[in-house]
Amino acid sequence: MQSAVALACFPTLLWCLLWAWVRTSGLSLRWLLGGILVGALLGGPVWLLETAVDGLANPGGRLWRDFVQQVLGAACCEELLKFLAIALLLWFAKRRRKLTTRDIVAIAISVGVGFMTLENVLAVALSDTPMSIAIDRQLTIIAGHGSYQTIMGFLLALSARRSGFGWNIVALAAPIFLHGWGDLSERLFQDEPNPGSLEDTLLFGSWIASVVTTAVVAFGVLWWVRRAESDETLNQPPS
């Protein structure tokens, strides 16, 4: 069990290194630790909200049940609460100093890392096959909460730069779409009653496409934001 839990925390280590790589020198380590704590503490409210939403799935067929649980429950509830937590942290941070785009992205990542860590550890601890689950959870390195919050943070930075409320909506909607797409495709693929059928193949392809899309967008954002360090337009502190 201990080795499985340690393996489940490997994505956390990698995302902490990415946080250190993307943040500016003015953003101290306490923002990483504080964000991780806030993200982990979201576990309780998320569970309560998802439990309430999941009740909508009964009665219902397989498609409706999976949609409610994976899109309305997991994607919408989790991304909404993380969005509110990140907005609160950014409000506190802006009272102390002006934030660059890299700062905003880093703060968002820290919340995603905290929630991802809690989710991965609980998944392993509550499983009858902890090592197998720990291996499966390595997928969160490229298509998990760290990636969703990278995208959310960048869009929130655009909102701060352009003073447009519409970007806040996009910052919430984009992670919900990617999260819901991935979770729903995976669950429908797992629940497909005819393995090997055309529908089964299409669902698997949809899931793989969601993983690749999330990874490409998130790591593209990380690379671009870090590379554009000398770009005054990108890194000028929001007003």
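**View 1. Salt bridges across the whole predicted model.** The structure shown is a predicted model. A search of the whole structure turns up five salt bridges. Three residues, R65, D66 and D191, are linked in a network of such bridges. The next three views look at individual pairs.

**View 2. R65 and D191 join distant parts of the chain.** These two residues form a salt bridge, and their closest N and O atoms are 3.2 Å apart. R65 sits in helix α5, while D191 sits in helix α9. R65 is partly exposed, at 29% relative accessible area. D191 is partly exposed too, at 26%.

**View 3. E79 and K82 pair up within helix α5.** Their side chains meet in a salt bridge, with 2.9 Å from N to O. The residues are three apart in the helix, so about one helical turn separates them. Are E79 and K82 buried or exposed? Both are buried.

**View 4. D103 forms a salt bridge with R97.** The closest N and O atoms of this pair lie 2.9 Å apart. D103 has a relative accessible area of 0%, so D103 is buried. R97 has 29% relative accessibility and therefore counts as partly exposed.

**View 5. The largest pocket holds about 1200 Å³ of space.** Its lining is made by 35 residues. Which of them lie nearest the centre of the pocket? They are Q70, E119, A123, R137 and D183. Several helices give two or more residues each to this lining, including α4 (43-54), α5 (62-96), α6 (101-125) and α9 (165-191). By class, the lining has 14 nonpolar, twelve polar and nine charged residues.

**View 6. The second largest pocket has about 160 Å³ of space.** Among its lining residues are F83, L90, W91, I104, L156 and N168. Helices α5 and α8 each supply at least two lining residues. The largest share comes from α5, with five residues. Eight lining residues are nonpolar, two are polar and one is charged.

View 7. V216 belongs to helix α10, which spans residues 198-227. Why does V216 count as exposed? Its relative accessibility is 55%, and exposed means over 50%.

Methods. Residues numbered from 1 in each chain as written. Predicted model: local features only at pLDDT ≥ 70, side-chain atom pairs only at ≥ 80, totals over all residues. Heavy atoms only, no water. Helix = DSSP H or I, 4+ residues; strand = E, 2+ residues; numbered from the N terminus. Buried < 20%, exposed > 50% of the residue type's maximum accessible area, 1.4 Å probe, protein only. 1 Å grid on protein atoms, 1.4 Å probe; cavity = no way out; pocket = protein on both sides within 12 Å on 5 of 7 lines; lining within 4 Å. Points joined across faces, edges and corners; volume = space filled by probe spheres on them. Nonpolar A, V, L, I, M, F, W, Y, C, P; charged D, E, K, R; others polar. Salt bridge = Lys/Arg side-chain N within 4 Å of Asp/Glu carboxyl O.
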